[in-house]
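Reader: I would like a close look at the ligand surroundings and what lies behind them. Please keep it plain and give the cut-offs.

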Amino acid sequence: NKKVFIFDLDGVIVDTAKYHFLAWQKIAKELNIDFTLEHNELLKGVSRVRSLDIILELGNVEASQEDKDKWLIQKNEDYLTYLVDMDESEILPGVFTILKFLKEKNQPIALGSASKNARPILKKTGILSYFNVVVDGNDVTNAKPDPEVFLIAAKLLNISPENAIVFEDSVAGVQAANIGKMTSVGIGEASILHEAKYIFKDFTEIDTDFIEELIRK
Ligand code: G16
Ligand code: MG
């Protein structure tokens, strides 16, 4: 059975969460909202629009659509300034090894991210060519834990969801994979990602035997 290996972006391939955090923190400061690294966990895997709503809820701030739109633009413009200097060195440890192994084995590779900035990030880090399809925040209407983003990726490659393996660092993303009847592989803390079928701290803990086993299954 042909498989597809679907990668989330932020927290799996690159650590852009730190840049999202810095950009959101500026908005929060302006609004006098206390926004900590701990709060930032709530935004992982969550869309830009929903992220702003979560921050406003934290500060009990009600805002007009006009203001929200302004902050969303401001946040993204600031976020983009952090991406300017991004290069291959920001690919998280162990990721290249697995991508190369999958390519050697002729396995389809997909990106399934909530971000609308996914393509420029893949280009800047030099790994866009590894991906057979890229499905991101521009292509979906329903955010994770809705499985839409992963289902579209599998469908584009003509592979049934049961034959899709999803690497995710967020709870919502793991749930999305499970709801979509895909094999979920959590990347991060076992205590947080316990709903995942398999869990690894990072890609350096995944060996090629494990990947081979997933291919054969
Ligand atoms: C990423 C991040 C989220 C971010 C979202 C939207 O998702 O984890 O924190 O809010 O993208 O990003 P943007 O503002 O660039 O559209 P993922 O799915 O790659 O982990
Ligand atoms: Mg993520």
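Author: The shell around ligand 1 holds 11 polar, 5 charged and 4 nonpolar residues. Here Ala, Val, Leu, Ile, Met, Phe, Trp, Tyr, Cys and Pro count as nonpolar, Asp, Glu, Lys and Arg as charged, and the others, Gly among them, as polar. This is a predicted model, in which local features need pLDDT of at least 70, side-chain atom pairs count only at pLDDT 80 or more, and totals for chains, interfaces and linings use all residues. Residues are numbered from 1 along each chain as its sequence is written, while chains are lettered from A and ligands numbered from 1 in the order in which they are written.

The mean pLDDT (the predictor's confidence in each residue, from 0 to 100) is 97 for the protein, and 100% of its residues reach 70 or more. The ipTM is 0.93 and the pTM 0.95.

Of the 20 residues around ligand 1, those that come nearest are Leu9, Asp10, Ser113, Ala114 and Ser115; a residue is near if its C-beta atom, placed from the backbone, lies within 6 Å of the molecule.

Asp8 sits in the loop between β1 (4-7) and α1 (17-30). Helices (H or I, at least four residues) and strands (E, at least two) are DSSP runs, numbered from the N terminus. Asp8 counts as buried because 28 other C-beta atoms lie within 10 Å, the cut-off being 20 or more, with C-beta atoms placed from the backbone.

Strand β1 belongs to an open sheet of 6 parallel strands, ordered β3-β2-β1-β4-β5-β6.

Technical notes. Two strands pair if DSSP finds at least two bridges between them. A residue is buried if 20 or more other C-beta atoms lie within 10 Å of its own, exposed if 12 or fewer, and partly exposed in between; C-beta atoms are placed from the backbone.
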